[in-house]
Amino acid sequence: MLKFLQTCFLALLFLCATPIIAQSDTTVVLSETAEQNADDSLDIALDEAALQEADTLVAPMESGGLHQSLKTKFIEGNAGFMSLVALALVIGLAFCIERIIYLSLSEIKTKRFIADVDAKILEGDIDGAKDMCRNTRGPVASICYQGLVRANEPIDEVERSVAAYGAVQAANLEKGCSWITLFIAIAPSLGFLGTVIGMVMAFDQIQTAGDISPTIVAAGMKVALITTIFGIIAALILQIFYNYILTKIERLTAEMEETAISLLDALVKYQGKR
């Protein structure tokens with residue numbers, strides 16, 4: 001009888017302990033699940049914050065465009081040296097535009113003009129040929145007029161006069177080109193000067209701080225590299241315009257030489273008829 005009571009008592013204890021153990025296990029599982037959910041929520045919140053920050057950084061760049069980016073880099077690259085590079089670019093472009101306008105106004109339909117002048121010379125109408133040259137702009141017409149003024153002189157004198165006046169006209173075509181080449185050389189030189197000064201600034205800041213910090217070095221290097229980039233870009237722009245100007249000068253010079261040869265031939269025929 002006693003053993004039976006002991007067995008019943010142990011069974012009752014087992015039945016009472018089982019819900020408690022199950023409840024504790026459930027509590028542990030629930031706590032682990034809640035902790036995992038909290039970690040997931042934190043990760044999602046951090047990801048959303050990072051995306052929002054990235055959008056905030058990208059939005060001004062997209063809204064500002066190229067102009068805003070150039071303005072920002074201009075300020076970051078030390079406005080003093082960047083202003084000098086920009087000034088060299090602007091002045092160089094001013095000389096380029098002036099030369100392009102002058103050379104464009106100097107261009108005419110040379111072949112047609114030479115044919116008309118030769119026809120009047122062969123007809124003996126020297127005054128008509130002079131009027132045609134006076135009413136036509138450009139160095140080609142000026143050379144023709146210079147030769148027609150001495151149409152009754154020996155051919156050697158006419159040739160000497162045309163050659164001398166042609167040299168003067170060629171010098172007028174190249175006027176201002178030396179300034180363009182100067183600014184082509186100045187722009188990258190100012191950029192390199194900014195590079196050197198940026199490096200010196202970086203070393204001075206390192207010496208002052210007493211430690212090599214990436215932030216300190218990056219500030220000076222940014223000034224150095226940005227000024228160099230803008231200087232090279234300015235030089236490239238001016239070089240493109242300068243090569244275009246040289247092409248127009250070479251074409252006009254060739255037309256002047258062709259006109260001089262044709263004029264001398266027509267004057268030889270004119271003097272032979274006389």
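Eight salt bridges are counted in this predicted model, a salt bridge being a side-chain nitrogen of Lys or Arg within 4 Å of a carboxyl oxygen of Asp or Glu. The model being predicted, local features need pLDDT of at least 70 and side-chain atom pairs count only at pLDDT 80 or more, whereas totals for chains, interfaces and linings use all residues. Residues are numbered from 1 along each chain as its sequence is written, and side-chain values use heavy atoms, with hydrogens and water left out.

**Salt bridges**

- Side chains of opposite charge can pair when their charged atoms come close.
- Asp131 pairs with Arg134 in a salt bridge whose closest N and O atoms are 2.1 Å apart; the two residues lie three positions apart in helix H4 (residues 126-134), so about one helical turn separates them.
- Both ends of that pair are partly exposed, Asp131 with a relative accessible area of 35% and Arg134 with 48%, where buried means under 20% relative accessible area, exposed over 50%, and partly exposed in between (1.4 Å probe, protein chains only).
- Lys120 and Asp125 form another salt bridge, with 4.0 Å between the closest N and O atoms; Lys120 is partly exposed at 24% relative accessible area, and Asp125 is likewise partly exposed at 30%.
- Arg150 and Glu153 meet through their side chains in a salt bridge of 3.9 Å, N to O, with Glu153 partly exposed at 33% and Arg150 partly exposed at 27%.

**Surface**

- A nonpolar patch on the surface is formed by Leu225, Ile229, Ile233, Ile237 and Phe241, which together have about 410 Å² of accessible area.
- Patches are made of residues with over 30% relative accessible area and no salt bridge, like charges being joined within 9 Å and nonpolar side chains (Val, Leu, Ile, Met, Phe, Trp, Tyr) within 5 Å.
- Ile237, one of the patch residues, is found in helix H8 (residues 214-273) and counts as partly exposed at 31% relative accessibility.
- The chain as a whole exposes about 17,400 Å², of which carbon and sulfur atoms supply 66%; accessible areas come from the Shrake-Rupley method with a 1.4 Å probe, and for residues only the protein chains shown count as cover.

**Cysteines**

- Zero disulfides are found in a search of the whole structure, a disulfide being a pair of cysteine sulfur atoms within 2.5 Å.
- Cys133 is in no disulfide, its nearest cysteine sulfur being that of Cys144, 4.7 Å away, and Cys133 counts as buried at 4% relative accessibility.
- The sulfur of Cys177 lies 8.3 Å from the closest cysteine sulfur, in Cys96, which is too far for a bond; Cys177 is buried, with a relative accessible area of 5%.

**Overall architecture**

- The secondary structure comes to eight helices and zero strands, where helices (H or I, at least four residues) and strands (E, at least two) are DSSP runs numbered from the N terminus.
- Read from the N terminus on, the elements run α-α-α-α-α-α-α-α.
- Of the 274 residues in the chain, 29% are buried.
- Among the contacts in the chain with a separation of 6 or more, 78% are accounted for by residues 24 or more positions apart, contact meaning heavy atoms within 4.5 Å.
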